[in-house]
Every structure is written in C-alpha cells, then in structure tokens.
Amino acid sequence: MSLLFHKAEEIFISFLLAAMTLVTFSQVVARYIFNSGAIWALELTTYFFAWLVLFGISYGVRVHAHIGVDAFVKLFNRKGQKLFGILVVLACLTYGGLLVYGGYDYVYKIFRIGIEAEDLPVPQWVPLAILPVGFGLLIIRLLQAGWHIIADEKTVSILGDESKEAIDSFMDEKKEDEK
Amino acid sequence: MAIATLFITLFVLLLIGTPIAVSLGLASLVTILFFSNDSLASIALTLFETMEHYTLLAIPFFILSSAFLSTGGVARRLIRLAIATVGHLRGGLAMASVLACMLFAAVSGSSPATVVAIGSIVIAGMVKAGYSKEFAAGVICNSGTLGILIPPSIVMVVYAAATDVSVGRMFMAGVIPGIIAGVMLMIGIYITARIKNLPSMPRATAAELGEAFKDGIWGLLLIVIILGGIYGGIFTPTEAAAVAAVYAWFIAVFVYRDMGPLKDRDGLGAVNYITVLPQSIFDADIHRTVLEAAKVTIMLLFIIANAMLFAHVLTSERIPQTITNAILDAGLEPWMFLIVVNILLLVAGNFMEPSAILLIMAPILFPIALELGIDPIHLGIIMVVNMEIGLITPPVGLNLFVTAGITGMSILNVVKAALPWLMILLVFLILVTYIPAISTTLPDFVYGPDLSLQ
C-alpha cells in the first residue's frame, strides 16, 4: 500500500518537472515555427513549478534530500545525536504547523472572494491549495521520520547527505553499464 | 532586537542540524510573529510567489539538462576531446581534466555535478597514468568549482533574481573570468609538472583530434545554443534552459544512445521511431534521471524560497539601509568595501549553501555597491568567485564531500590536497576584485554599456 503511494508520488513529481519543461519548450517552438503561442502557458508552468516544490518538500524528507550542517552534532555520541534529531523534528513540525495554518487561511480567503486565475479557466484557490496540502504532507512525513529516530537504532537525523547520494546514484549507473 | 532574534534563531537551528531551508524559514517566522504585523497567510503567499519568479524558473531546467548530460555520455566525450587537445604537454592529463571541467561547466550550471561527471572518470585515469591520488583529487576539486563561474550557472541565475540584473549580462560576464581561472590552474599544473617531472601523453594526431572533436560536437553545440540563443535574442535565459534540457535528453537518447530504448542499438533502419518515442518517455533510465533532477530542484528551491522570506524580513526591518548608511558615514572607500565583502562572503561560504548566501547578502551589499559606484555585474562575479571558494573550504564545502566520495579519501586528506590549488583561486579572487574590466568588458561589448547606471 505504502509502496504504491511512493510510486505514485514519484511519478507525479517527475511528471510535473517533465511537463513544465515540455510546455516551455513547446512555447519556443510555437513562436518560431507556428508564429503563435498560448497565453496560459506561462501561468501553467509556474503552477506546475510551485506544485513540484511544495508537494515535493515531504518527498524530500522521505528520501533525506534536505541538506544541513551536521559538523557540531557529530561531536556527540549516538544518544546525544538522537536528542538533537528529535529537537530538529520538533522545530520542523512548528514550521510546518504555522504554514499549514497560514496556507489554509490564505486559500480560504481567496476561495471566499472567488476570483479566477489570470489566464487559466480555474478558480485561483485551486493552484494555491497546494500550500496547506504540501505542508500538511510535510507534517505527516515528519511524524514518521521522528518515529524512525526514536524506534530505529541507526537513524539519528532527518538530514540527507547530498554528496553521498549523488555518488551512489552514479555508481549504480556505472554498475549497470558494466553489466 | 528583531534582527538579533532573526540571526540567533537561525544560528541555533543550523547548529543543532536543522535543514538549511527550515532554519531560514523558521527564524523568519519567529521574527515576524514577535516583531511585525504580517499575517501567516501573507508569509505562505511569499513562499508560493518564489515559484512565480520568471528568472528562477530557469533553475529546474538547468538541473534537468545537467542530469541528462552527466549520465548521457557527454562528459566522457568532452574528456576525450580535452585529452586530445592538451594531453601531450607535461602534466597533460591533469591539464586536460581542468579543460574538461571548463567544457562541462559551459554546458551545465552546477559545480558538484561537474566534479562528479568529470572527476569520477579522470581521477582513476590520472592515478593509472602515475599521478598521486592527492594531486588528482586536488585538481578536480578546484577545477570543478568553475561549474558556477562559467555560464550557464545556477548561482548566477539566483544573483540575477535577487538584484534584477540581467541574466544574459551575468552569463557573458562569467566567460572571461572562467577562462582566466582555468588557464591559471593549468599554468599551476604545468609548473608543478615541470618540477615534479609528471608524465605526459603521446601527442594526438590531427586525425585523432578531429575525430574527438566530431564525437564531442553534439555536446559543444549546447554552448552555442545557450549563449548564442540568449545573446541573439532568440529566447530568454529561462527558455534557453528548457531548450537545453530537451536537447540534452535528445542527444543522450537518440544521438549518443547511452540511455533509453536505443541503448546499445545500431542502425536506424531497424528501429521504428513510432514505437521508440513512447518508450523513451516510460524508460526506467530516463524516469530515474528526471526524478533525480526533480529531487535536486525541490531541495534547492525549498532553500531559495525560505531565503527569499529571510531577505524579506531583513528588508522590512530596513537592515540594508542601516548598514548602507553606516558604511557611507564611515567613509569607506570602494576598495576597502570590497575587502569587507570578500571576507564576509568567504566566512559565510564556509557555513551555508551558495544560493542562500547570495539571496541574504545581495540585498545588503547591492545598494552599498551602487552608492560606491561599483558595477552590479562586477559585484555579482565577485560574489560567485567567493562562493566557488566556499565550495572547497570546510566544514560545508560540497565539492570536498563529493571528491572524498568519488576517491574514497578522507575529508581531511581532500582538504589538504585541495589547499595548494585553493591558493591559485585566492589570487584569482584578488584579480577579479580589483580589475573590474575582467568581468565587465565582455558584457559591455556584447550588450553595450549598462545605461541604468548613469
């Protein structure tokens, strides 16, 4: 079940990035070859962009993509590191909580006013709804990550190691090439 | 008071290991809640509006094109071309690595990506050819930083977004400094090679050089598309980035065939294009590359959005004005101001992600620079070069970690290995700081002098 959700999450994120690239690319083609363009294209692209980032924040927590400074925390033993890890989760929960509230507040206001988006034929609150949704998902993922730190022996932090990941993915490819 | 709260909260959060993005965002939120009347709703909107910034829209496209270039075999061909060009000199393989980094930097916008793409191939090659591992690691770690100086550059896009300088001008401004930095590193290598008697490779024949050039031409064309397209007014930098991403996908899948459905297949006749096109969209390799690019985009833009919020708090507390007045009242000369800028950025570069530093520092430094008559483009290049150095100084030098990862050396050893070459970059920083012409000549020549300054 959760595997299915993970797969869907990844497909949705990839789709958003691919779609915004292709829409922008097609605008260039349209302008030079067909001498035309769609006025709604830019608005659509920026909404895809906002959705990609705001929906993706919680995905970033799952795959440990968010980077931070761990030089100080590394000075402590595992127990101390876990304590800092939990403090960090609490800080992130505060952040997420404030923004779920702020996001909901804003979307609700726009919903009540009932205005349309500039160029696209949708009410403006629809693209903005990603604000409370994205930060809400972040809170769920943070609770999971916090539970991991408490329950799992090895996990001490939600931070990622960007360089290690870049290398891992590269080595995977290399291995496949060698096959 | 507000400003102390802002910075102390930020510092404490960073120290305990909070992700950089959340540290910036939460510090801003706390400050706003206690000291200002802004509503939480308007803060949420500020985060959303970051992604409506047309200039920043270029970043995901450049990340995607870098992802296709690194995995799609372009790096390998650029290395071959570089070796054929300078490999026959003393220390030639090391010099070729620098040249390969420069070429890759000219098609991709990120520094760690350059280190991984070029370093993972050439370091092993250099060790096999008789160089010490430390020498190889030091060279790659440093020349990889050219990724953000030679256009296109994600860091320059961020600077342009923060200061409303034209992205095209910034890109043009990076060309000459990038070449100078690369040549300085190569001269350093050549002198070391003479003293230490490092190996050279057999001279490539004209035919081999031609062959290497022909093989690499598809990658090199991207330089023409990006810079030519922006300069020629064919498309905006953001559109250029999207075109680059689609182009990089196209050559990886259809021309070089290093990934996707055509991998290891020869002969066009056997392939039915109608079946290949959908396959190339659902292919596992391609899906993985896009997802990887999306992950980097999310991580970076989450930091940028929160840094924008942080900068917003700084401006609403009128910090830039206060500092500008203090500096002007102190009667600081431009050259003294530039020393301060360099020291400030070098220190900050040790602890933070480059894009975040630019977004926080640019609103503070930019108005002062204007008052003192410093060209915004010149200031931008100074900031970028400082960020380069930040990438190879501990504790948060991303290039150090990446190099340690691909060589299996400890961080400390990589720091030691990078140090001699870091000195060259510091000399380069002084050159760039005090000779504005290095940065401004090309953009002024191409676009004409910046009229907004007069």
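I take a pocket to be an open set of points on a 1 Å grid over the protein atoms alone, with protein on both sides within 12 Å along at least five of seven lines; lining residues have an atom within 4 Å of a point. Grid points are joined across faces, edges and corners, and a volume is the space filled by probe spheres set on the points.

Ground rules. I am working on a predicted model, where local features need pLDDT of at least 70, side-chain atom pairs count only at pLDDT 80 or more, and totals for chains, interfaces and linings use all residues. Residues are numbered from 1 along each chain as its sequence is written, chains are lettered from A and ligands numbered from 1 in the order in which they are written, and side-chain values use heavy atoms, with hydrogens and water left out.

I looked up the second largest pocket and found about 690 Å³ of space in it. Of its 27 lining residues, Phe7(B), Leu10(B), Ala348(B), Phe351(B) and Met352(B) are the closest to the centre. I noted α1 (2-15), α15 (319-329), α16 (334-349) and α17 (354-371) of chain B as each supplying at least two lining residues; helices are DSSP runs of H or I, at least four residues, numbered from the N terminus. The lining has 27 nonpolar, no polar and no charged residues (nonpolar: Ala, Val, Leu, Ile, Met, Phe, Trp, Tyr, Cys and Pro; charged: Asp, Glu, Lys and Arg; polar: the others, Gly among them).

I counted three cavities of 30 Å³ or more, a cavity being a set of points where a 1.4 Å probe fits but cannot get out. The largest cavity has a volume of about 50 Å³. Its lining draws on both chains, including His66(A), Cys92(A), Pro19(B) and Phe302(B). α2 (40-62) and α5 (130-151) of chain A are the elements that give two or more residues to that lining. I recorded nine nonpolar, one polar and no charged residues there.

With contact meaning heavy atoms within 4.5 Å, 66 residues of chain A and 65 residues of chain B take part. The buried area is about 5,900 Å², 79% of it from carbon and sulfur atoms (accessible area, 1.4 Å probe, that two parts lose on being put together, summed over both). Phe49(A), Val69(A) and Tyr95(A) supply 12% of what chain A buries against chain B, more than any other three residues.

I found one between chain A and chain B, defined as a side-chain nitrogen of Lys or Arg within 4 Å of a carboxyl oxygen of Asp or Glu. Arg31(A) pairs with Glu239(B), the closest N and O atoms being 2.9 Å apart.
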